[in-house]
Amino acid sequence: MTMSERVGYEVGYDDAGQVTVQRADEPAAGAETGEGGQPPVACGESPRSISGKMKGEDGMGCHAPAEQMEAAARAAGNGAVLDQFAKDYPRGPHDKPESMCPAFGSMRVGLRMRRVATVLSGSACCVYGLTFVTHFYGARRSVGYVPFSSETLVTGKLFEDIREAVHDLADPERYDAVVVTNLCVPTASGVPLRLLPKEINGVRIVGIDVPGFGVPTHAEAKDVLAGAMLAYARAEIEAGPVPAPEAGRSDRPSVALLGEMFPADPMMIGAMLAPMGLAAGPVVPTREWRELYAALDSGAVAAIHPFYAASVREFQAAGRPIVGSAPVGVDGTHDWLAAIGETFNVPPAQIAAAQNAFVPAVKEALAKAPVKGRITLSGYEGSELLVARLLIESGADVAYVGTACAASPWSQADREWLEARGVVVKFRASLADDLAAADGLDPDLVIGTTPVVQHAKERAIPSLYFTNLISARPLMGPAGAGSLGEVVNAAIAGKARMDGMKAFFEGVGEGDTAGIWEGSPNLRPDFRALNQKKLDKAARAAKAEEMI
């Protein structure tokens, strides 16, 4: 056979997880539509072998454009997964927010759980970066990795290797569950984690796909795993009796708390619920498997972080009502206690007793820690609107709130409260949105992500990193009311120091001219022009390819 006579082959999996090989010039069974309801893709046009050659290009692997990765995933039968991601985590007008790999979020959830093993399937560079970041944030636990090559990926050997790995790990003496996560390349190539055994030796096997081209933020990736675990636990409950939590069941109706929060917040919420005869239930994501059963057994769910769409879906399937917002600030505490009380049919007198016990305490705490100054606020944790409410009731002029997460019904009350006070609220905010707010609204303080904080400091604007300095503090009830004043006021008071630093370093340059030069920097604008021409040519070629 000559080179021109060669034909391609499509490698895939059948329903039993066995490898199938199909000639490109032979019609496949059910070829009217592809797996997942997608139209079939001819082998010569298919981008599915992401780790090898792709559309005649040089095998960009995980560096391939998101559009090609998504097309490959759909061609490989993962269209339904991506469609569910699009429904749960709508992206908005732009592609996706700029943040770290989303799989960091799901890894963080799994590595915080006791007796749960974490296994990754993805490119080695991605796995290295993810394990580095998780250990930097204190994971202190090994992360499993199933390596692959182009051959093992396209022949199906990777799936066999993953199956062997979970069999080796499934030791009931050590683990309650093993979580296997597909990163971008295995997801795009259709590695079917859904075909893994659901249980091995009594150890649960949970397989999830967390591709960067499907899940917009690492915060929402937490929901991907939390939702998958809730779905598994709900099926176990429906099948028969399950073990009680280590701490036992509450003797009062409980409220499950949805979203990671400062450790003191659940205790504060429990104290506020007590006058109504209620208790705070488990925080989801949980720290152990049995807590999933207790969460599903709660009488209602407080969506403290409103973007947990998959988790909300599982709670609703279990018949649990969802309550949005949180007991933050005076208005938030008053309204949230009323909403929870009404959900549980608590007598109005008991609701009023809880409000009278805590709302004045919140007001007093806010008065002791007033904040003065204009603030722009942005982040990707999901609690940005709650923090903005607390700052406004502390006296701050919050001009802009940007969150990388999408809008949801459970954030609507917070959005309306903020917009009624003239705050610009931007869901799915991009880095450009956050920088424009910092530049255009003349803030006394910028609270944001690392690049936003860096941008502000270069302009001598006081700034605070949201994740480490703001979200790592209590927010709920009286404890949260006075938690932000000290750090925020100290930062605003540092304006003169920022001005002095900027004046001291004035003239040292920025970007590629940063530093102290004995002569003028050799910028070589001709090199810049040549590289720009190459970039423009590549962009035109990509655009032309889209039109073919």
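## Report on a predicted protein model

Asp 161 is buried, with a relative accessible area of 18%. The cut-off for a buried residue is under 20% relative accessible area, so Asp 161 falls in that class with its value of 18%. The residue belongs to helix H6, which covers residues 157–169. In sequence, Asp 161 and Val 146 are 15 residues apart, while their C-alpha atoms are 6.9 Å apart in space. The model described here is a predicted one.

### Overall composition

The protein has 548 residues, of which 49% are buried. Its secondary structure consists of 22 helices and 16 strands. Among the contacts with a separation of 6 or more, 71% are between residues 24 or more positions apart.

### Selected residues and their burial

The following table sets out relative accessible areas for several residues discussed in this report.

| Residue | Relative accessible area | Class |
|---|---|---|
| Thr 181 | 3% | buried |
| Ser 383 | 5% | buried |
| Ser 325 | 10% | buried |
| Tyr 232 | 15% | buried |
| Trp 289 | 2% | buried |
| Asn 345 | 68% | exposed |

Thr 181 is part of strand S5, residues 177–182. Apart from neighbours within four places in sequence, Thr 181 is in contact with Ser 106, Val 119, Leu 120, Ser 121, Leu 193, Ile 208 and Val 210. Ser 383 is located in the loop between strand S12 (374–379) and H14. When residues up to four places away in sequence are not counted, Ser 383 touches His 305, Phe 466 and Ser 471.

### Backbone geometry

Most residues other than glycine have a negative phi, and most peptide bonds are trans.

The peptide bond from Val 284 to Pro 285 is cis, and its omega is near 10 degrees. Pro 285 is situated in the loop between strand S9 (279–284) and helix H10 (290–296).

Ser 325 is not a glycine, yet its phi is positive, near 65 degrees. This serine sits in the loop between strand S11 (322–323) and helix H12 (329–343). Asn 345 likewise has a positive phi, of about 55 degrees, although it is not a glycine. Asn 345 is placed in the loop between H12 and helix H13 (348–368). Is each of these two residues buried or exposed? Ser 325 is buried at a relative accessible area of 10%, whereas Asn 345 counts as exposed at 68% relative accessibility.

### Aromatic rings

The structure contains 5 aromatic pairs. One of them is formed by Tyr 232 and Trp 289, whose ring centres are 5.6 Å apart and whose planes meet at 85 degrees, so the pair is edge-to-face. This pair links distant parts of the chain, since Tyr 232 is in helix H8 (residues 218–239) and Trp 289 is in the loop between S9 and H10, 57 residues apart. Tyr 232 counts as buried at 15% relative accessibility, and Trp 289 is buried with a relative accessible area of 2%.

A charged residue also lies over an aromatic ring: Arg 421 is placed over the face of Trp 417, at 3.8 Å from the ring centre.

Helix H20 spans residues 485–492, and its buried residues are Gly 485, Val 487, Val 488, Ala 491 and Ile 492. What covers these buried residues of H20 includes the strands S12, S15 (445–448) and S16 (463–465). The cover also includes the helices H14, H18 (466–470) and H21 (495–504).

Rolling a probe the size of a water molecule over the atoms shows where empty space is left. How many cavities of 30 Å³ or more are counted? The count comes to 1 cavity. The volume of the largest cavity is about 100 Å³.

The lining of the largest cavity is made up of 16 residues, and those nearest its centre are Pro 306, Gly 382, Leu 385, Ser 411 and Phe 427. By class, the lining has 10 nonpolar, 4 polar and 2 charged residues. Helix H14 (residues 384–393) gives the most to this lining, with 3 residues. H14 is also among the elements that cover the buried residues of H20.

Conventions: Residues numbered from 1 in each chain as written. Predicted model: local features only at pLDDT ≥ 70, side-chain atom pairs only at ≥ 80, totals over all residues. Heavy atoms only, no water. 1 Å grid on protein atoms, 1.4 Å probe; cavity = no way out; pocket = protein on both sides within 12 Å on 5 of 7 lines; lining within 4 Å. Points joined across faces, edges and corners; volume = space filled by probe spheres on them. Helix = DSSP H or I, 4+ residues; strand = E, 2+ residues; numbered from the N terminus. Nonpolar A, V, L, I, M, F, W, Y, C, P; charged D, E, K, R; others polar. Buried < 20%, exposed > 50% of the residue type's maximum accessible area, 1.4 Å probe, protein only. Phe/Tyr/Trp six-rings, centres within 6.5 Å; stacked < 30°, edge-to-face > 60°. Lys NZ or Arg CZ within 6 Å of the ring centre and 35° of its normal. Contact = heavy atoms within 4.5 Å.
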